[in-house]
Amino acid sequence: MLEINDLTVEFGDRALFQNVSLVFYDKKRYGLVGANGAGKSTFLRILTGQEHHYSGEITWPKDIRVGVLNQDHFAFEDQTIQNVVIQGKKNLWEALQTQDQLSQKSDMSLEESALYAEAEAVILREGGYTAESEAAKLLLGLGIPDSHHRQLLKTLSGGYKLRVLLAQLLFSQPEILLLDEPTNHLDIDSIKWLESYLNQYPGLLIVVSHDRGFLNGVSTQIVDIDYGTLRIYTGNYDAFEAAKALEKEQKEKALESQEKRKEELQAFVDRFRAKATKASAAQSRVKMIEKMEAIEIQPSSRRYPAFRFSPHTTSGIIPLQVKDLGKSYADKQVLKDLSFEVERGDRIALIGPNGVGKSTLLKILMQELEADQGSFQWGHEVLPGYFPQDYRSQLEKQMNVFDWLYQYDATATVSQIRGLLGQALFSGDSVKNKLSTLSGGEATRLIFARMMLLPSNFLLLDEPTNHLDMESIESLTEALREYKGTLLVVSHNRYFVSEVATRILELRPEGFTDFKGSYSEYLEKAGTDHLNRDLSLQQRTVLSQQTQKVEIRNDNAQNYEARKQQQRRIKQLEKRIPELEELCLSLENKIQASDLALAEAYGSGSEAEQALCLQEKQKLEEKMTATMQEWEEAEEELVNLQSSE
């Protein structure tokens with residue numbers, strides 16, 4: 001359990017959050033969300049001891065192991081990938097090194113023999129004899145094949161080096177795990193593996209991510225940074241979004257009701273203030289108005305860009321043809337005999353694991369690379385617009401935001417340029433900021449401002465959501481849904497692909513699949529979700545039952561006492577399940593009552609009463625979640641036990 005008390009973080013006259021008190025519980029997975037600049041990374045740096053400019057108290061459990069991703073791969077460049085992972089357990093690594101050094105001696109002294117024995121004890125305690133196989137599982141899950149495990153780390157590219165360091169962190173098995181954008185350098189298969197791994201993680205997890213699908217798949221709670229505070233919501237990101245929208249709606253209704261009541265009271269006062277017979281009643285209503293506590297709806301720190309891509313011309317019916325395209329880097333072939341034809345209006349999601357040539361294809365189409373074989377042909381009146389994955393190379397660091405955009409259309413007016421920058425959330429003096437000072441999200445929005453300035457009827461986007469916050473991703477998703485041109489986009493973001501794509505082009509080492517339909521339709525046809533590895537509860541139950549039946553058929557040595565214990569457990573479950581069902585119904589009624597109490601508190605209660613109602617509702621929802629989980633687990637266990645009799 002991790003406790004935060006009265007945490008306040010201020011930079012100059014700007015407060016990120018004030019007087020925050022929270023408790024993070026073991027075996028919970030918290031998704032940390034908020035707008036860019038709201039303080040997510042600052043909060044993680046405070047927890048890891050990298051940020052000291054704050055007031056308040058953070059209480060850690062005694063002797064707890066906290067895991068944080070090490071970004072410094074330079075310290076491991078000349079070591080094998082497997083050994084880098086095993087070094088996640090420092091004590092184990094030191095013991096293995098000690099034992100290895102002493103084993104090379106032909107004759108050990110008594111002191112050296114004692115050191116060898118101590119090292120052996122550490123190796124046994126830390127699972128040293130299965131360390132290589134455990135490291136291999138982690139590396140394979142993160143997309144690094146067996147053939148690379150004994151190679152030096154420096155043989156990998158930067159993104160894959162970070163995967164090795166992520167494997168090192170997971171191998172260390174910390175009780176508290178802190179992750180900041182862990183999916184940024186992962187491909188589809190690695191993201192789904194990590195999601196599955198974290199769902200089995202037994203400790204306390206706090207993760208920052210802008211990947212909505214990942215947060216939905218992993219989070220049991222959402223920590224929202226907004227309105228100058230942090231607040232915990234039960235459930236995944238979708239549940240959080242619905243709860244927050246409901247709260248806002250309730251508060252707006254309460255404010256509207258209060259304003260209407262004030263108007264009614266004021267109308268009475270204005271009408272009867274001058275009448276002696278009504279003066280007393282009018283005065284009492286004046287006091288009622290004065291005693292009403294103002295309901296304030298604070299502005300959210302979340303800001304939504306207004307992306308809008310409007311082609312000025314219409315392309316031909318077939319804007320792009322690709323025939324037998326191939327490309328290799330040295331002896332590694334990334335594209336082979338790739339052929340497809342694009343129809344006007346297609347919104348194609350280009351998916352597949354890293355290294356199969358997705359970015360390479362876009363670079364070939366934009367003539368940044370030459371294909372080794374095959375050809376492509378742009379259609380009539382096609383005006384392509386390109387968002388590269390390495391977009392930073394297009395930004396001249398010494399220019400400011402306004403001048404950089406203005407250079408692309410000297411005929412545009414100042415108000416037009418400022419208007420586009422405003423749509424990309426650059427306003428006031430921020431348009432004078434140097435490009436070298438921009439964050440990843442700001443730089444991405446600026447590239448999109450240029451794409452709005454220079455209309456194109458065929459967009460090629462390479463990982464456009466990587467550095468955007470949730471609000472910007474939502475705005476980009478909506479803009480692309482309404483886009484009247486043709487789209488070819490590379491993305492590992494499940495939500496984004498599901499919402500935007502009308503056609504799926506999956507590249508694989510052995511070939512490609514061209515599916516004309518949405519991502520959900522593709523999953524129905526293909527049967528495998530490449531962006532989310534989770535099996536449904538029903539599938540897990542069926543697999544569990546099948547596995548258990550096989551085990552029971554093979555277990556002929558089951559004794560009488562074991563069967564008696566099983567029968568006693570069945571009776572306990574048969575009694576407990578109706579109790580849990582009744583408890584769920586009762587909690588559901590209480591939650592409905594708390595909703596009414598919350599609305600009433602917003603209308604006439606104090607801030608303390610509102611906070612109390614919210615706290616009570618949150619407790620009920622947490623209890624409901626736990627009870628539902630126990631109910632489902634009890635029913636599943638009962639089915640399994642009954643089927644094995």
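Keep in mind that the model is predicted. The protein chain carries 20 helices and 18 strands, and buried residues account for 44% of its 645 residues.

**Whole chain**
- If you take contacts between residues at least 6 apart in sequence, 69% of them join residues at least 24 apart.

**A three-stranded sheet**
- Here 3 strands make an open sheet, running in the order S11-S10-S13 with antiparallel pairing.
- Strand S11 (332–342) and strand S13 (373–378) sit at the edges with a single partner strand each, so one side of each has no neighbour in the sheet.
- From one strand to the next, the twist averages 20°.
- S10 (residues 320–329) pairs with S11 over 7 bridges, in the antiparallel sense.
- Looking for a landmark in S10 and S11? Leu 320 is opposite Val 342 in S11.
- Helix H11 (residues 358–365) packs on this sheet and touches S10, S11 and S13. The direction of H11 makes about 120° with that of S10.

**Coiled-coil annotation**
- An unreviewed UniProt entry puts the label "coiled-coil region" on residues 243–275, 556–590 and 614–644.
- For residues 243–275, the model has the chain at 91% helix and 0% strand.
- The end C-alpha atoms of that 243–275 stretch lie 49 Å apart.

Conventions:
Residues are numbered from 1 along each chain as its sequence is written. This is a predicted model: local features need pLDDT of at least 70, side-chain atom pairs count only at pLDDT 80 or more; totals for chains, interfaces and linings use all residues. Side-chain values use heavy atoms; hydrogens and water are left out. Two strands pair if DSSP finds at least two bridges between them. Helices (H or I, at least four residues) and strands (E, at least two) are DSSP runs, numbered from the N terminus. Axes are lines fitted to C-alpha atoms, for helices over the stretch in contact, and angles run from 0 to 180 degrees between N-to-C directions. Contact means heavy atoms within 4.5 Å. UniProt positions are given in the numbering used here, feature names are shortened, and annotations may be inferred rather than shown by experiment. Buried means under 20% relative accessible area, exposed over 50%, partly exposed in between (1.4 Å probe, protein chains only).
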